[in-house]
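Reader: I would like to learn how to read the features of a model such as this one. Please show it first.

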Amino acid sequence: MNIYYKYQTMKNSAVRRILADTPDEVRREVRRNADIVVRVHELIAERGMTQLELATGMGKKPSEISKWLSGHHNFTLRSIAKLESELNETILHVPKRERYTNSVNVSCTMTVIRNDTKISYGQFIEAAPILKSPEKMIA
Amino acid sequence: MNTFVLEIFDDELPACAFYTVRWDDQSINETNRFFEKFNSDLKYTVYIQQLAIFLFESIGTDHGARDELFNRFENEVMGLPVQGKVKIETVFYHYPEFPLRLYALRLSEQLVILFNGGVKDGPTNQTSSLHMKWREACAFARRIIEAIQNEEIIIDHENRTITCSGNLNEYLL
């Protein structure tokens with residue numbers, strides 16, 4: 001499910017107007033780009049790796065990896081695949097459509113999207129931000 | 001330096017609250033001035049949209065003001081008086097050759113003060129046309145840090161608020 005926020009309460013009309021006028025593809029590109037940058041940094045930190053070690057493992061120059069991770073790189077599928085391979089983790093997940101059949105042979109298809117929930121203190125909680133005023137969002 | 005007002009820019013986003021500054025004799029704050037200026041220039045429309053989404057959705061909604069989403073130029077810090085060691089940072093959209101720069105003072109991952117900015121058209125800020133905006137941002141930041149150190153204003157990181165004794169929503173500095 002995609003959730004778009006209406007910035008109706010934003011005190012600044014200029015930004016509100018800009019956000020409202022921004023094409024969806026631009027919104028998706030920017031958010032995905034930031035998600036990838038954050039994800040890669042998290043994985044490196046989790047593994048206790050340095051950028052030098054990552055570069056060595058990938059057969060790249062340290063300066064090239066530094067460029068990738070400091071934002072001066074337009075990620076391609078190939079560069080993401082290289083990072084996923086070296087870090088041994090998924091960075092970009094593509095949802096899959098799966099068919100389920102219950103005990104009375106009623107079947108349905110569902111698109112499985114990860115990261116919509118996360119585990120906190122042993123319980124699944126919604127990863128999507130909870131708005132103070134739900135009426136501000138439209139589905 | 002003239003008097004300026006520290007005011008809320010947006011405090012309703014889940015991951016980060018944004019403040020901004022406004023000259024006391026002006027009706028529009030510096031960050032809105034930046035967005036209005038570049039949004040009205042067709043050459044920068046896409047860039048200003050990208051920056052707005054990056055700020056208010058990627059940082060404000062998704063991730064907060066994390067290290068990896070900010071660009072730290074050490075040479076910018078050197079332009080400031082040593083006292084206070086203020087770090088002026090650039091809100092940095094991770095995309096090659098992005099032309100716009102917006103200056104910010106990051107107090108925490110949940111609290112950022114936005115200033116003004118401009119076009120990075122030189123190899124350094126000092127040689128770019130946005131040099132004056134950088135100097136202005138440094139001056140704003142220095143005064144804000146002084147106010148924090150003097151407890152004229154109180155930073156509440158947990159509640160993502162900046163407060164003063166009068167408990168107002170805007171503060172004259």
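**Reading the packing of chain B**

Author: The buried residues of α1(B) pack against α1 (13–21) of chain A and, in chain B, against β1 (4–10), β2 (17–23), α2, β5 (100–108) and β6 (111–119). This is a predicted model, in which local features need pLDDT of at least 70, side-chain atom pairs count only at pLDDT 80 or more, and totals for chains, interfaces and linings use all residues. Residues are numbered from 1 along each chain as its sequence is written, and chains are lettered from A and ligands numbered from 1 in the order in which they are written.

Reader: Which residues of helix α1 of chain B are buried?

Author: A residue is buried if 20 or more other C-beta atoms lie within 10 Å of its own, exposed if 12 or fewer, and partly exposed in between, with C-beta atoms placed from the backbone. Helices (H or I, at least four residues) and strands (E, at least two) are DSSP runs, numbered from the N terminus. In α1(B), residues 30–39, the buried ones are E30(B), T31(B), N32(B), F34(B), F35(B) and F38(B). For chain B, 42% of the 173 residues are buried.

Reader: How is the packing of two helices described?

Author: By the angle between the two axes and the distance between them. Axes are lines fitted to C-alpha atoms, for helices over the stretch in contact, and angles run from 0 to 180 degrees between N-to-C directions. The axes of α1(B) and α2(B) cross at roughly 145 degrees and come within 8 Å. F35(B), F38(B) and N39(B) of α1(B) meet T45(B), I48(B) and A52(B) of α2(B); a contact requires C-beta atoms, placed from the backbone, within 7 Å. By class, this contact has 4 nonpolar, 2 polar and no charged residues. Here Ala, Val, Leu, Ile, Met, Phe, Trp, Tyr, Cys and Pro count as nonpolar, Asp, Glu, Lys and Arg as charged, and the others, Gly among them, as polar.

Reader: Which residues have the most contacts inside the largest nonpolar core?

Author: In soluble globular proteins, nonpolar side chains tend to be buried together. A nonpolar core is a set of buried Ala, Val, Leu, Ile, Met, Phe, Trp, Tyr and Cys residues joined through C-beta atoms within 7 Å. The largest one has 55 residues, and F35(B), A52(B), A104(B), V112(B) and L114(B) have the most contacts inside it. Helix α2 (residues 45–63) of chain B gives the largest share of this core, 8 residues.

Reader: In which sense do β5(B) and β6(B) pair?

Author: Two strands pair if DSSP finds at least two bridges between them. β5(B) and β6(B) are antiparallel, with 7 bridges, and form a hairpin with 2 residues between them. R106(B) has V112(B) in β6(B) as its bridge partner. β5(B) is largely enclosed by the rest of the structure, because 7 of its 9 residues are buried. Another antiparallel pair, β1(B) and β2(B), is joined by 6 bridges; in this hairpin 6 residues lie between the strands, and I8(B) stands opposite Y19(B).

Reader: Where in chain B is confidence lowest, and where is it highest?

Author: pLDDT is the predictor's confidence in each residue, from 0 to 100. In chain B the lowest mean, 39, belongs to helix α3 (residues 74–78), and the highest, 93, to α1(B). Over residues 74–85 of chain B the pLDDT is below 50. Chain B averages 79, and the model scores ipTM 0.80 and pTM 0.77.

Methods
Two residues are in contact if their C-beta atoms, placed from the backbone, lie within 7 Å.
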